[in-house]
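Reader: I am new to this structure and would be grateful for a guided account of it. Please show it first, and then let us proceed by question and answer.

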Amino acid sequence: MIRFEPRLAPSRVMVYGAPILAVCFTLVAGAMLFSALGYDPLNSLYLFFIQPISDSYGLTELFLKATPLTLCAVGLAVGFRGNVWNIGAEGQLTMGAIVSGAIAVTWYDSTSMFLLPIMIIAGVLGGMAWAAIPAFLKTRFHANEILTSLMLTYVATLFLGYLVNGPLRNPEGFNFPESRMFGDAALLPLLFDESRLHIGALITLFVVLLGWFIMSRTLIGFQVKVVGLTPLAANYAGFNPKKVIWMSLMLGGGLAGLAGMFEVAGPIGQLQPVISPGYGFTAIIVAFLGRLHPIGILLAGTLVALSYLGGETVQMELSLPLAVTGVFQGMLLFFLLACDVLINYRVVLGFKRKAA
Amino acid sequence: MIGFEVETIIAILLGVARGATPLVFAAIGELITEKAGVLNLGVEGMMLVGAVGGFIAVVATGSPTVGFIAAMLAGALLSALFAVLVLFLHTNQVASGLALTIFGVGVSAFFGLKYIGTPIKGLQAIDIPGLSDIPIVGPLLFGHDIMVYAAFVLVAVTAWFLNKSRWGMILRAVGESHHAAHAIGYPVVLIRFCAILFGGAMCGLAGAYISLIYTPMWAENMTAGRGWIALALVVFATWKPGRALIGAYLFGGVTILQLNVQSLGLDVSGHLMNMLPYIATILVLVLISRDETKIRLNAPACLGKPFRADG
């Protein structure tokens, strides 16, 4: 007989132990999945988790994919702490890519050193503008931000499809649904030769530190946490919940927009119908796995980025569908949520003792 | 000429019913779950799993009936995972529902890969000789596939269940005040478990309608956000089955409008037209949510709150 008994105080150990436990469970379940499909489980796990990062190019690819995940998740985590459920980071990322990409395509022959900074600002503003819609609808009309931000993701993706099939299509591109390739001045400088890792990764590290500072050292960060934990106390203290909603969505949208700009001005180099393999959605997992803490999110983002590389490796080596990435990500979040029960409860074997 | 126009209008109206039916199933399933006090955001994931499960079953057996049953089982199975998490491990319902969708998208794509491009025979409309030959009224009343009628029956039964039956009252009591229901002696967790499973089964059915009838094929992410639209419909309907039906048909209309605009000769980009259902969802949400008291009075009071018997 297994029971859960409430702890007197939340376990500090399990706050950090639960993600590690969840990763272990995911590995075991993954091994079971691989062997159920008829593959050698240990070899498959090796292919999924070790082989992709066994050389320096693999490592740079890992950080390349961790960049958008971490950026989006840092922004989302602020909202999740304040009970603002922005799940439309994918759409905000797409908007950031569209706005910055439109600038790059319009001035494709520019060699100005101001082009990149302008694109960065445009990307952030594009993401913010897209997140401002759910913020406005939530604060003005009480419309549920989960549904509005998600609906806007579909709208943003369709808008991108419209642009690359119409106004922004490459006039010399044989009618392929793609924009022009960006000029050199619109591409982010690379950190290493022979890699795709760009300067955005360093900016992301800076954002992580900034996110940590805002959440732990500023009044607005404190207000977000109080509104999320105890709305009544926040109300009593006179904190404005609308301010928290706006702040969360602006931060989440801005960082997602920045991530979108990094994608088009980094590894992609043009506007395409699809610019993100679901980074905005996966960032939700990253935010929880990282305990909604910017430093934790950095670690979690790197780990989850591995699931993209691993998915590609097993697709090539074992000809498994790329969707195995999504299966692993979903399992990871399930196990994490389940393991979180151990923060507030402990497992007790045996029958309930009579109260003394 | 006039005969041709009437035929077009009839075809459009039949299309509306096909667009609306999956939304009816998913919205009613979620409505029951929410009436029991549980918010399951995994509708999209459960629909996709139902879509792929039903499709695989039809490819294997050739029987649509088996397909729909398999889809319901698949949806219910996935929702059971959610039920265990939120009911026994007291996880956050919003996060768990999102996890369910992410997992469902991945699992359905994983198992469906082999079936992309596999043709199946769509379910035919039930033609009642004589009745469906009546001009105009015949095809409109008797020219649908059986699931369209099943959706109406489901709405009627659900309305009766919630408002008139003893167990419906108990289900609502659990959703309004789980501590009071527990104190009277009702098995709160068991009732919620059943409500979640029912929701999962209905979402599975909705998914199968899309992969077996609406567009008889399997494609990754083929539900295209309909699960989220169904979630919005529940709010729009202020948790009333009849209004969910009306809402679903309104959205079915929007979907079909989008498909037919080009055939009417209007030169609008397909990408822009495809935005319509999503923008309509946002507008509808804004209109209904504007009146905060209306939502508060109609939403189950314990919606989204975890329940523990001892605390």
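Reader: Which residues have the most contacts inside the largest nonpolar core, and how many residues does this core have?

Author: A nonpolar core is a set of buried Ala, Val, Leu, Ile, Met, Phe, Trp, Tyr and Cys residues joined through C-beta atoms within 7 Å. A residue is buried if 20 or more other C-beta atoms lie within 10 Å of its own, exposed if 12 or fewer, and partly exposed in between, with C-beta atoms placed from the backbone. In the largest core, the residues with the most contacts are A:Cys72, A:Ala283, A:Ala287, B:Val24, B:Ala27 and B:Leu233, and the core has 222 residues.

Reader: How is the model to be read, and how are residues and chains labelled?

Author: This is a predicted model, in which local features need pLDDT of at least 70, side-chain atom pairs count only at pLDDT 80 or more, and totals for chains, interfaces and linings use all residues. Residues are numbered from 1 along each chain as its sequence is written, while chains are lettered from A and ligands numbered from 1 in the order in which they are written.

Reader: Which residues does B:Leu233 touch?

Author: Two residues are in contact if their C-beta atoms, placed from the backbone, lie within 7 Å. Leaving aside residues up to four places away in sequence, B:Leu233 touches B:Leu23, B:Ala27, B:Ala244, B:Gly247 and B:Ala248.

Reader: Is B:Ala99 buried or exposed?

Author: B:Ala99 lies in helix 4 (residues 93-112) of chain B; helices (H or I, at least four residues) and strands (E, at least two) are DSSP runs, numbered from the N terminus. Not counting residues up to four places away in sequence, B:Ala99 touches A:Gly330, A:Leu333, A:Phe334 and A:Leu337. Because 31 other C-beta atoms lie within 10 Å, B:Ala99 is buried.

Reader: Which helix of chain A gives the most residues to the side that touches chain B?

Author: The contact takes 38 residues from chain A and 39 residues from chain B. On the side of chain A, the elements that give two or more residues are helix 5, helix 6 (145-165), helix 11 (279-289) and helix 13 (324-339). With eleven residues, the one that gives the most is helix 6 of chain A.

Reader: What is the handedness of the crossing of helix 4 of chain A and helix 5 of chain A?

Author: Helix 4 (residues 89-106) and helix 5 (residues 115-141) of chain A pack at an angle of about 140 degrees, their axes 7 Å apart. Axes are lines fitted to C-alpha atoms, for helices over the stretch in contact, and angles run from 0 to 180 degrees between N-to-C directions. A crossing is left-handed if the near helix is turned anticlockwise from the far one by less than a right angle, and right-handed if clockwise. For helix 4 and helix 5 of chain A, the crossing is right-handed.

Reader: What is the radius of gyration of chain B?

Author: Chain B has 14 helices and zero strands. The radius of gyration is taken over C-alpha atoms, and the globule rule is 2.2 Å times the number of residues to the power 0.38. For 311 residues that rule gives 19 Å, so chain B is as compact as a globular protein of that length, its radius of gyration being close to this at 20 Å.

Reader: What percentage of the residues in chain A are buried?

Author: Chain A has 14 helices and two strands, and along its principal axes its C-alpha trace spans about 80 × 60 × 30 Å. Of the 356 residues in chain A, the buried ones make up 54%.
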